Structures are given as structure tokens and as C-alpha cells.
Amino acid sequence: MQIGTIESIWRYPVKGMRGEEVPHIYTAFTGLMGDRIYGVVAADGDPGHPWHTGRDQEEFVLYKARYESSEELLLPQNLGASYSEWKPGIDPIYPDADAFKVNVETPEGATYDDIENPAFIADLEKLTGRSLRIHVTQRGQFDARPVSLISLSTVAKLGEELGMKIDKRRFRANFFVEWDNQDDPFYELSLVGKTLKIGDRLEVAIVERDPRCTMITLDPDTAEATPKLLQLLGRSHGGDAGVFAAVLQRGRVNQGDPIFLK
Amino acid sequence: MSQSKGSDCGAGPSGNASSTDATVKSFRLTLDSEDHIVPIAAGETLLQAALAAGIDAPHSCTEGRCGTCMSWLRNGDVSMASTRALSKRNLKRGYVLACQSRPSSAAPIWLDFDL
């Protein structure tokens with residue numbers, strides 16, 4: 001039974017920085033290709049969450065990170081073979097590390113051709129007063145689960161309750177969706193424990209609600225904070241918005257793909 | 001981590017009040033433009049005291065991670081077990097995490113959720 005549609009697909013080359021919308025993406029057991037490949041680790045960070053993000057430096061959400069080989073990082077070259085010949089449990093081989101090279105533009109307009117250029121970390125350390133380093137892995141760096149999903153109806157309803165228009169990008173999801181169900185704006189919360197098929201191949205288990213933090217208070221264009229949004233979630237919605245998913249069957253997802261309840 | 005804020009002084013970590021103070025028996029709390037006087041028992045956090053008083057204080061994880069209970073310490077001194085959900089900017093503003101905050105001096109506390 002079709003229950004909705006993929007409205008847009010987003011990945012975040014650097015954890016905490018601005019994301020990029022993509023027309024389609026390969027989603028592996030480890031998440032979307034190219035999602036949160038880089039992270040900035042703070043020496044004084046919490047051992048369980050050492051990342052330097054907008055929680056520490058609000059303007060970090062304004063940093064623009066771009067893959068030089070963005071197109072190359074949407075689909076594995078041997079995607080067809082992965083579907084027809086590979087046994088379940090095996091992911092296609094990703095491109096070599098060089099293909100994941102990311103350039104960064106700061107809110108002030110400074111540019112770095114490679115986030116691993118020592119000048120980037122040196123300048124960020126000078127700005128923040130923290131001891132920082134880049135951590136990179138091709139398999140993504142997530143707080144909880146490899147895939148996140150939220151509906152436009154959730155975003156709109158929260159805005160209505162708050163009395164302000166809310167930019168969906170605050171929620172930093174991988175999949176923004178539109179539900180056919182028009183009665184429950186928070187419909188995705190009812191899907192915890194259910195399995196969804198997205199497009200032709202991808203299957204995900206919705207495993208838990210997404211507990212939110214101060215990241216959603218930050219305007220993605222100005223980094224101005226609206227703590228009332230997080231307060232609203234805490235007081236009226238259990239602190240949650242959207243859901244996390246685990247990948248059961250990998251596959252390509254396209255913008256506009258249907259979502260089925262299995 | 002301690003936080004000290006007087007009503008006329010700049011906000012910021014004080015570094016001079018790291019232990020809890022049991023002499024504070026109540027504190028002022030502002031939420032939705034309403035003032036409340038909240039009783040607080042020894043060892044309680046400001047959030048625990050507010051919830052025990054029946055106040056719908058914003059909160060979620062209660063472990064200092066999410067920042068939902070972030071509020072403005074307009075007066076008084078608190079010690080916080082964790083400040084990890086507070087940015088450097090918010091610490092300088094005098095913001096605290098109510099779930100992590102316990103009184104650390106006898107100074108009257110005024111906690112404001114109307115950020």
C-alpha cells in the first residue's frame with residue numbers, strides 16, 4: 001500500500017555543516033552514499049559525542065561543504081551487479097578516498113579546496129578556541145541510525161503551533177516525505193516498528209523516534225537561534241520530531257519515489 | 001562547571017561556586033510571562049524542583065544532552081554537572097541547563113525560560 005512520496009533527498013558531507021539536496025542516491029546498510037563522511041572532532045568533546053557542530057558554534061550550520069565529485073558519489077559504478085549478483089549483506093565497493101574530497105566555504109566567504117587542508121582546522125581552532133581534528137570515514141558518522149526521515153506535514157504543523165514558518169532544513173533529515181494521510185501531521189511516528197519500501201529496492205525498518213537537540217533551533221540561513229522550537233517539542237511532543245530508520249535492503253532512491261507500507 | 005549571574009552584571013562562568021548550596025529553599029521561575037516561586041529541596045536540580053511543583057517546564061532528555069531545558073539564569077549561582085548542550089555563546093549569555101543546575105550559593109535564583 002502506498003502511503004507517501006519522497007519529496008527531497010539530502011546528504012551532509014560534513015557532520016553539522018549545511019547539507020546538499022540530491023536528485024537520487026544509493027542507500028546502503030550504512031546509510032546514504034556520501035552522508036556525513038567527515039566530522040570535526042573536538043579534543044574536549046564528550047567521549048560519546050565528540051563532534052564540533054552547531055551545538056558548539058552556531059554558525060557552523062552555515063559552512064558550505066561540497067564534494068568535488070558530487071555526481072560520482074551518488075551511485076556505485078557496479079550498482080546493477082549489486083542488485084543481480086551480490087548476496088544480501090554485501091554492499092558495493094565505494095570509490096577511492098580521493099573521490100570524497102570536500103571543499104568548504106565559511107560564512108565569511110573564506111574557501112578551502114580540501115577540508116583536510118591543515119589551514120582549515122588551524123583557522124577553525126583559532127576561531128573557536130578548541131583543539132580540533134578532522135575524522136573521515138566512507139561509511140558515515142551518525143548520532144543514532146544511518147537514515148533519518150521527517151514529513152513536511154510535521155514541519156508545517158510545528159510551525160503552526162509555534163506561530164512561525166519553519167524551514168524544513170532545520171531538521172537535517174535524509175528523506176523529507178509527503179504522506180498521503182492528511183489526518184495525522186505526525187504520521188511517521190505511528191510507523192515505528194513498521195517496514196517501508198521506498199522506490200524499487202530500498203527497504204527500511206522504522207526503528208525509533210528522533211529525539212531532538214539544539215541543532216533544530218538554528219536557522220539554516222542565519223544561524224539565529226529559536227529556542228522556543230525545542231521547548232515546544234519538549235512540552236508537547238515528547239522531544240521528538242521525525243524518525244530514524246535502519247536499512248534492510250539497500251537500493252537507489254529518487255526524488256518523487258513512492259513509499260509503500262509493507 | 002559553575003554559572004553565576006547577577007541582574008546587573010555580565011553573564012559567564014564564575015568558577016567560584018562549584019558545590020551545591022542547601023540553604024536555597026525556593027527560587028523564582030519565569031515561564032510564558034508568568035512568575036512562579038518554586039520550592040527546592042537539597043540536592044534537587046532546578047528542573048526537578050519545577051516539575052515537582054507542577055510547572056510545565058520545557059525538558060526532554062534530562063541528561064544535559066538535548067538543550068530543551070536551556071534557560072536564562074537572571075540571578076543567582078548554580079553548578080552544572082554538564083554543559084555539553086550549551087554553546088560558548090550561550091554560556092556567555094548566562095544560559096544554563098535546568099536539568100543540570102543546582103544552587104551553589106545562597107544568592108536568590110531567578111530562572112527564566114522565556115528566551
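Reader: Which residue of chain A forms a salt bridge with Arg89(B)?
Author: This is a predicted model, and residue pairs are judged in it by computed distances. A salt bridge requires a side-chain nitrogen of Lys or Arg within 4 Å of a carboxyl oxygen of Asp or Glu. For Arg89(B) the closest N and O atoms are 3.9 Å apart, and the partner is Glu58(A).

Reader: How many salt bridges does the rule find across the interface of chain B and chain A?
Author: The pair of Arg89(B) and Glu58(A) is a salt bridge. Over all chains the count comes to 24. Across the interface of chain B and chain A, the number found is six.

Reader: Which helix gives the largest share of the side of chain B that touches chain A?
Author: Between the two chains there are eleven residue pairs in polar contact. On the side of chain B that touches chain A, the residues divide into eight nonpolar, six polar and seven charged. The largest share of that side, three residues, comes from helix α2 (residues 88-93) of chain B.

Reader: What is the area buried between chain B and chain A?
Author: The contact involves 21 residues of chain B and 18 residues of chain A. Thr68(B), Arg84(B) and Arg89(B) supply 27% of the area that chain B buries against chain A, more than any other three residues. Carbon and sulfur atoms give 39% of the area buried between the chains, which is about 1600 Å².

Reader: What is the bridge partner of Asp46(A) in β6(A)?
Author: Strand β5 (residues 38-46) of chain A pairs with β6(A) in the antiparallel sense, over two bridges. In β6(A), the bridge partner of Asp46(A) is His49(A).

Reader: Which residue in the turn between β2(B) and β3(B) has a positive phi?
Author: Strand β2 (residues 26-31) of chain B and strand β3 (residues 34-39) of chain B pair in the antiparallel sense over six bridges. One of the pairings joins Thr30(B) to Asp35(B). The strands form a hairpin with two residues between them, and the residue in the turn with a positive phi, about 55°, is Asp32(B).

Reader: In which sense do β2(B) and β7 of chain B pair, parallel or antiparallel?
Author: In β7(B), Leu111(B) is the bridge partner of Leu29(B). Three bridges join β2(B) to strand β7 (residues 110-112) of chain B, and the sense is parallel.

Reader: How many residues apart in sequence are the parts tied together by Lys15(A) and Asp143(A)?
Author: Lys15(A) and Asp143(A) form a salt bridge, with the closest N and O atoms 2.9 Å apart. Lys15(A) lies in the loop between β1 (2-11) and β2 (20-22) of chain A, and Asp143(A) in the loop between β10 and β11 (147-151) of chain A. The pair therefore ties together parts whose separation in sequence is 128 residues.

Note on methods:
Residues are numbered from 1 along each chain as its sequence is written. Chains are lettered from A and ligands numbered from 1 in the order in which they are written. This is a predicted model: local features need pLDDT of at least 70, side-chain atom pairs count only at pLDDT 80 or more; totals for chains, interfaces and linings use all residues. Side-chain values use heavy atoms; hydrogens and water are left out. Contact means heavy atoms within 4.5 Å. Buried area is the accessible area (1.4 Å probe) that two parts lose on being put together, summed over both. A polar contact is a pair of N or O atoms within 3.5 Å; within protein, one must be able to donate a hydrogen and the other to accept it, and residues adjacent in sequence count only if both atoms are side-chain atoms. Helices (H or I, at least four residues) and strands (E, at least two) are DSSP runs, numbered from the N terminus. Ala, Val, Leu, Ile, Met, Phe, Trp, Tyr, Cys and Pro count as nonpolar, Asp, Glu, Lys and Arg as charged, and the others, Gly among them, as polar. Two strands pair if DSSP finds at least two bridges between them.
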